[in-house]
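Here's a quick walk through the strands of this chain, with a few overall numbers at the end. Have a look at the model first.

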Amino acid sequence: MPMIKFPDDVDSDEFLEVLQQALDAAVVKRHSMSRAEYTAIFTAIYRCQCCAQPKPTKMAPDAKSTSIQLSSHRDRRLYDWIIDYIIQVTSEIGARMMQLSGEELLTSYIDEWEHFQLIHMLVGRLFHSVDQNWIESKRLYSPSYTTVSNTLIQLWYVYLFQHISIHLMANAIQLVRQERDGGIIDGLLIVKLYKALVELAPKDMDGLRVPFREDLGVYIRHYEIPYIVAAIDYIDQRVCSLRKSTRMREYIGVLSELLAQEEQRSEVYLRPESLNPAKNALNLQFLVREVDQICDMAGAMLEAGDDRDGLRIIYSLLKRFDGPDTLQTLQRKFISNAESDILQGCPQRPTSADSRNSDFTLTAVDYFDSKLDTYKATIHELFQGDLNYIAALEKAFAQVINSSAAKSKLTTRPSRLAAEYCNLVLAKNKLQLTGPGDDTKQAVAYLCKAMQIVHAYKSKDEFFNYYRRLLARRLLNNTSYSMDLEKAAISVIYETMMRSSNLAVYKKIADHSQTLEGTASTKSTEAQEMVGEIVISEEYSHEFVRQHPELAFSMSVKTLSAIQWSDIVKSHDTSFALPRVLNEACDLYRQFYKLKHAKQTIKWQREFCKVTVQLYFPDSTSRFAESGYTFVLNVYQFAILELFTGSSAFNEDAALTHSQIRLATSMSIDRVEQELGVMVKAGLFERTANNTKVQINNKYRSKHPRVDISQAKISHRKKEEEENENIILAYRTHLLQADIARVMKEFKFMTDSKLFMEVSLRRSNFFSVEKPTFKNAIEKVIDRGLIERGEDANTYLYCS
């Protein structure tokens, strides 16, 4: 193309004609301009700008006014020429597009829009000076904007898009419909089209504004809404017959599939901001009216348990709703079904005498663990691992564990059941769950089964008390599998307390998280100190034996602090005197301990002393007759045995009555009866023919060379329950006193009901505060002078 030359007179018609020829050559005919041609166009526009500016020369006032009038005339003339030029271009394009259809129409529009973007960019750059210096008066097409760029966009919308929009969108929607029906289309055209509509945003036209998305008015009105309406019509045609025939199971299956397909399609053919409006429109059309019926169907499926696919479909449908209410309807039905199922299958303790308590403990804890695992697996499979369902399941399990029906079936408190299960994991016994091949991780996995019950049970202090007593029994009887495992168990228990679902409530209130953590830490610290004292005692025992080689026997002493063990280790027979050989050894150890702790005193707890002896039976025919048997006896049993043994050989004629034994040992008659009963049952002793005396069983036989008969129960089960109740009540009263003092110090004045609610909230994760216990704690705090009653008997004041 020959070089375009502009005339010198920028106000002449010839100048505008040449400018139009240059622009036509550059953008309409898509001619690639050379640098020289572009420079020529820019220079011409720049000349217009320079001529429009008043020169800073001295002139008469009338001359200056004439110059401004000439500039205003040139502004209007050049601006009108730009408008006419763009209108002409867009009108021709629109007329041509009305003759096209299908992919050809979309392709043409997208190409022309991309080309118009080039015009838009070129004209905007060429007339950049016009934006700044020329067009300042009111405009015919864009009264609130003062840029050529926005004017051009509005011209495209008014003179082209509005004329072809219905025709253009109908063809676009028809192409999408072809794809829904299985046809093959160029989906990229649809994407480019909606992106072009997003770019077409004449912001100063009030009729196109949309709340919350004002810059997407053209896209929403001309593309998004017709697209969603077409999607609704398409789905409705395919499920209408199923809905009318009330075949709900088939209806939700087909509807779920269609909605899922439409959601995937929308992610391609709609903007991200349009996905929620599209989903909400489909939900309103197809799901809102059937929500109750769908949830009822889900409840029937849960009870029958035979349509997991149906449940999965229903969950996916209900999850489409943004609000939680609809999904919670299904959640409540699922949890209700789980709660009744767990409670109905809860194991019931057998009443037969030959049934072992340990077997039932294992069965019950394993049952709860398997049920929780089953329902958690169901949640992951059917409900996509929804955390709300997991939390609701834990709440339902807590309802079961804390129900009176569960306690009735278990015939014990769940807290005790969990503590006994932990004991089976941590102690050496016939049902040993952990062995040499198992590591600590495996043992912790077993403990976590019991911790699920502890986590759900309200009165966690009950569990701590039971666990502590069983821990003491393991430590005293040397039946702990290992000290390392005991320490790991204490850590697991502490973590269970601190991961409580109610911890979030505590963190919302000042000092509540510290209250919870302090309680759990105190309990775990007590257990850790118990284990630590056993470890230190073993070190002391080894050192004592090394210092006293003259002892004819090995001696191991457990030194326990009165603070941690006073409520567990008690001597019930204070009149009993240790056998001479033991008493002498105890005196030596007392001297040894005095050198290490001069200010501390030792009080021997005879109830838990043990003696290991080697016995030989002359008339025994067992395979261990020659090597002898090793017996582990408590100190009372050893004192009785000493009456019959002067050496390793037994006096066959030695036989004593109960009264003789009582006089010789200074034991109570009940203690003599209890220990003799154990020794006779073990076969070590036998009763004479007239059943008035006992004597050594010289024909003793056993399958095991080592026999332990020392582990008499600390107390009977009923008595132990009573002791636990008293200990728990005293501990709760102590905690409530501290909470009441802390709350009153913070609030200064509170009514009885508000104080009760505040204290109950702070302890809700550890135990349920009962009114009598609260009243007892209140009286103790008043007696200590920390608070006082107000004028009203139901109000309290803090005493500063």
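Start with the open sheet: 3 strands in the order β1-β2-β6, with mixed pairing. Its edge strands, β1 (610-615) and β6 (706-708), each pair on one side only. From one strand to the next the twist averages 20°, with axes taken as lines fitted to C-alpha atoms and angles running from 0 to 180 degrees between N-to-C directions. Strands here are DSSP runs of E with at least two residues, helices are runs of H or I with at least four, and both are numbered from the N terminus; two strands pair if DSSP finds at least two bridges between them.

This is a predicted model, where local features need pLDDT of at least 70, side-chain atom pairs count only at pLDDT 80 or more, and totals for chains, interfaces and linings use all residues. Residues are numbered from 1 along each chain as its sequence is written, and side-chain values use heavy atoms, leaving out hydrogens and water.

| Strands | Bridges | Facing residues |
|---|---|---|
| β1 and β2 (residues 629-634) | 6 bridges | glutamine 614 and threonine 630 |
| β7 (residues 749-751) and β9 (residues 795-798) | 3 bridges | threonine 751 and threonine 795 |
| β8 (residues 787-789) and β9 | 3 bridges | arginine 789 and tyrosine 796 |

β8 and β9 also make a hairpin, with 5 residues between them.

Zooming out, the chain has 30 helices and 9 strands. Buried residues (under 20% relative accessible area, 1.4 Å probe, protein chains only) make up 48% of its 800 residues.

Note on methods. Buried means under 20% relative accessible area, exposed over 50%, partly exposed in between (1.4 Å probe, protein chains only).
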